[in-house]
Amino acid sequence: TVKINRFLLGFSKGLQIFLFLTLTLITNAQQNQNNFWFFGNNVGLDFSSGIPVNIPGQLNTYEGCASISDTNGNLLFYTDGRNVYNNGISFMENGTGLLGDPSATSSAIIVPKPCSLTEYYIFTVDYIGGFEGLNYSMVNMSLNGGLGAVVANQKNIPLVGPNSEKVCVLKKANGIDFWVISCVKNSNTFYVYDVTSGGVNFSNTYAIGDAILAQGYLKASPCGDKIALANLLNPSDVGFDIIVYDFDDSSGEISNAKSTNANLRRCYGVEFSPNCQFLYFSTIGFLNTPEDGEIFQMDLFDLNFPITKIGTIVNENDIIENRYATGALQLSPEANPRILIAKDGEFQLAAIENPNQAFPGCVLIQDAIEL
């Protein structure tokens, strides 16, 4: 895409990358699990050296994708929610036919099975018009000579649907297990699942706030106390909004929905700052127009959630593939993390530098990483 999760960035790393990971990573070992990103049109980035280095990838997808490495930073596998590729850049055994979609915001996320060194879950969601909903499959890296395989009797296990294109994952307060959160399409109902050493289990549902339509990201704060999503206000594309919720990472409870009612134009990418103070989001412009995108900062430590525009992403409409100006936002695994921004159809990522600082301390760089 290169849209990172719409390209990425579609981003959803495997912890979801976009392509950008939705999983909050805290320890150095966990940070290593984000070393490799694959997204868009055969794009790959290797962060192992501390700076992003271009490498080839096998994905050719418009939106959500995910990748994961082991705790030493060695690539294990990556996926677009349909196909799974091993570290030998070939299809993983039994790794085709998953139920994600190339036009789903978060087509796939990857969650390590707690207390296992070899097992991982891939959660997938269908696109806005599909009916497959939220499903999961298990990867066992001890199979196929260490290249891994999707376990035959644990593939495409249905959880709920039809769903929105949103799904995110975050660590539980115990530091071991995970919460996986998704929401029903055209509803205000969230489904929360508990991922433990015993498997994937339904936890609870929470009906709160405005109805949630399909498109746009759902992300969790690194502090585990909030989730936020980009939401379409009505089906006619008149306006979009950002909704922030309180989250209890001990119980999984979602509460206190706060809508900005900003009536912005096609909000899509969402990402928290590492210090949890700021929420950043993008507007992507309208389909098949030369409209530019915009990047905003929201201060979550201010009870009024003030919003500040920090810059514009120019839609380089000379590239015919460009449908939107921007895509997903994803926090990088660098020592001084940046928030990287997909630009549809282009050969660079934009970036927000110094994301822990209020504007103008944070800086939007139009062409931060060449692809």
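User: Let us start with charges and rings: what lies over the face of Phe-305?

Analyst: A charge sits over a ring if NZ of Lys or CZ of Arg is within 6 Å of the ring centre and within 35 degrees of the ring normal. Here Lys-258 lies over the face of Phe-305, at 4.3 Å from the ring centre. Likewise, the charged end of Lys-219 sits over the ring of Tyr-217, 5.4 Å from its centre. Bear in mind that this is a predicted model, where local features need pLDDT of at least 70, side-chain atom pairs count only at pLDDT 80 or more, and totals for chains, interfaces and linings use all residues. Side-chain values use heavy atoms, leaving out hydrogens and water, and residues are numbered from 1 along each chain as its sequence is written.

User: How many aromatic pairs does the structure hold?

Analyst: A pair of aromatic rings is described by the distance of the centres and the angle of the planes. Rings of Phe, Tyr and Trp (its six-membered ring) pair if their centres lie within 6.5 Å; planes under 30 degrees apart are stacked, over 60 edge-to-face, and the rest tilted. The structure holds 16 such pairs. One of them is Phe-77 with Tyr-120, edge-to-face at 5.8 Å centre to centre and 80° between the planes. This pair links distant parts of the chain, with Phe-77 in strand 8 (residues 75–79) and Tyr-120 in strand 11, 43 residues apart. Ring pairs also link Phe-36, Phe-38, Tyr-78, Tyr-85 and Phe-91 into a cluster.

User: Are Phe-77 and Tyr-120 buried or exposed?

Analyst: Buried means under 20% relative accessible area, exposed over 50%, and partly exposed in between (1.4 Å probe, protein chains only). Both Phe-77 and Tyr-120 are buried. Gly-175, by contrast, counts as partly exposed because its relative accessibility is 44%. Across the protein chain, buried residues make up 61% of the 371 residues.

User: Which strand is joined to strand 10 by 5 bridges?

Analyst: Strands (E, at least two residues) and helices (H or I, at least four) are DSSP runs, numbered from the N terminus, and two strands pair if DSSP finds at least two bridges between them. Strand 10 (residues 108–112) has its 5 bridges with strand 11 (residues 119–125), and the two run antiparallel. Ile-109 stands opposite Phe-123 in strand 11. The two strands form a hairpin with 6 residues between them, and Cys-115 in the turn has a positive phi of about 70°.

User: Which way do the residues of strand 10 point?

Analyst: Ala-108, Ile-110 and Pro-112 point one way, Ile-109 and Val-111 the other, and all are buried.
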